[in-house]
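Please look over the sequence and the three-dimensional structure shown here.

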Amino acid sequence: MRFLFFLLGVPAMIMTFFEAKDVLPFVSTYSLMVDGSIVELSEQEQQSLEESVCQMFENSFTMPAFGVVFDKMFQEDVKTGVFVSLKFDQPMEVNNLPFDELVFKVDPTFQGFNLMRGNHGVFQGRCIYIDLHGSSMQDLFDCINNFESVKNIQNVEDQNEQESTEMSENLENSEDENL
């Protein structure tokens, strides 16, 4: 009877790991955020993102982190730049740091970075630091920049910026004419 009770309780248990890369097989969703918005990726782009993240983590080491994330600061930080989110269907833990989502900023020059831990949508507490062991995020960055979904966002942003500049110039010209 105790054995059956144990088996029923297993899905609710937190899975604990020492190295962050060991949680990657349990990621249920890889998401890409650009300037605060989640990018709709094609199936092929989704697969490429997953492969690039796994490849980046391949020779990484989990290190003690001094970084701390606060939810308000996190919400502001993700409004600018490129971030990758790793979501899990069950609670996970690395070095006694629980989470159900991990988010990190993508910067081609980074040779190490903080994984910001989320629990039920709130990002609070100590980060998990990843040392890329002499490597960088350049390959992941290049992969993301080659996505048509990201190029489309950049084209829309460029077009909006151009329209804004034209409107400002037209406004200045009409003010000059009125003088």
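**A pair of helices**

Helix α2 (residues 43-57) and helix α4 (residues 138-145) have axes that come within 9 Å and cross at roughly 170°. Axes here are lines fitted to C-alpha atoms, for helices over the stretch in contact, and angles between N-to-C directions run from 0 to 180 degrees. The crossing makes α2 roughly antiparallel to α4, since angles over 145 degrees count as roughly antiparallel, those under 35 as roughly parallel, those from 65 to 115 as roughly perpendicular and the rest as oblique. Helices (DSSP runs of H or I, at least four residues) and strands (DSSP runs of E, at least two) are numbered from the N terminus.

This is a predicted model, in which local features need pLDDT of at least 70 and side-chain atom pairs count only at pLDDT 80 or more, while totals for chains, interfaces and linings use all residues. Residues are numbered from 1 along each chain as its sequence is written, and side-chain values use heavy atoms, with hydrogens and water left out.

On the α2 side, the residues that meet α4 are Ser48, Leu49, Ser52, Val53 and Met56, and their partners in α4 are Leu140, Cys143 and Ile144. Contact means heavy atoms within 4.5 Å. Sorted by class, this contact of α2 with α4 has 6 nonpolar, 2 polar and no charged residues. In this sorting Ala, Val, Leu, Ile, Met, Phe, Trp, Tyr, Cys and Pro are nonpolar, Asp, Glu, Lys and Arg are charged, and the others, Gly among them, are polar.

Ser52 lies in helix α2 and counts as buried because its relative accessibility is 14%; buried means under 20% relative accessible area, exposed means over 50%, and partly exposed covers what lies in between (1.4 Å probe, protein chains only). Apart from neighbours within four places in sequence, Ser52 is in contact with Leu140 and Cys143.

**The chain as a whole**

The secondary structure of the chain comprises 5 helices and 11 strands. Of its 179 residues, 35% count as buried. Among contacts with a separation of 6 or more, 65% join residues 24 or more positions apart. The chain exposes about 11300 Å², of which carbon and sulfur atoms supply 53%; accessible areas come from the Shrake-Rupley method with a 1.4 Å probe, and for residues only the protein chains shown count as cover.

**Two buried loop residues**

Phe147 is found in the loop between α4 and α5. With a relative accessible area of 5%, Phe147 is buried. Which residues does Phe147 touch, not counting residues up to four places away in sequence? They are Leu32, Leu41, Glu45, Ser48 and Leu49. Ser48 and Leu49 also belong to the α2 residues that meet α4. Phe147 and Leu41 are 106 residues apart in sequence, and their C-alpha atoms are 8.1 Å apart in space.

Val78 is placed in the loop between α3 (71-77) and β6 (82-94). Val78 is buried, its relative accessible area being 7%. Leaving aside neighbours within four places in sequence, Val78 is in contact with Asp35, Gly36 and Phe83. Between Val78 and Met33 there are 7.6 Å from C-alpha to C-alpha, although the two are 45 residues apart in sequence.

**Salt bridges**

The structure holds 2 salt bridges, each being a side-chain nitrogen of Lys or Arg within 4 Å of a carboxyl oxygen of Asp or Glu. In one of them the side chains of Lys79 and Glu76 meet, at 3.0 Å from N to O. Lys79 is partly exposed at 44% relative accessibility, and Glu76 is partly exposed at 48%.

Lys151 forms a salt bridge with Glu148, with 3.8 Å between the closest N and O atoms. Both residues lie in helix α5 (residues 148-178), 3 residues apart, which is about one turn of the helix. Lys151 is partly exposed, with a relative accessible area of 31%, and Glu148 is partly exposed, with 48%.

**Positive phi angles**

Asn96, in the loop between β6 and β7 (97-105), has a positive phi of about 65° although it is not a glycine. Asn96 counts as exposed, at 62% relative accessibility. His133 lies in the loop between β11 (128-131) and α4. The phi of His133, a residue other than glycine, is positive and near 55°. His133 counts as exposed, at 51% relative accessibility.
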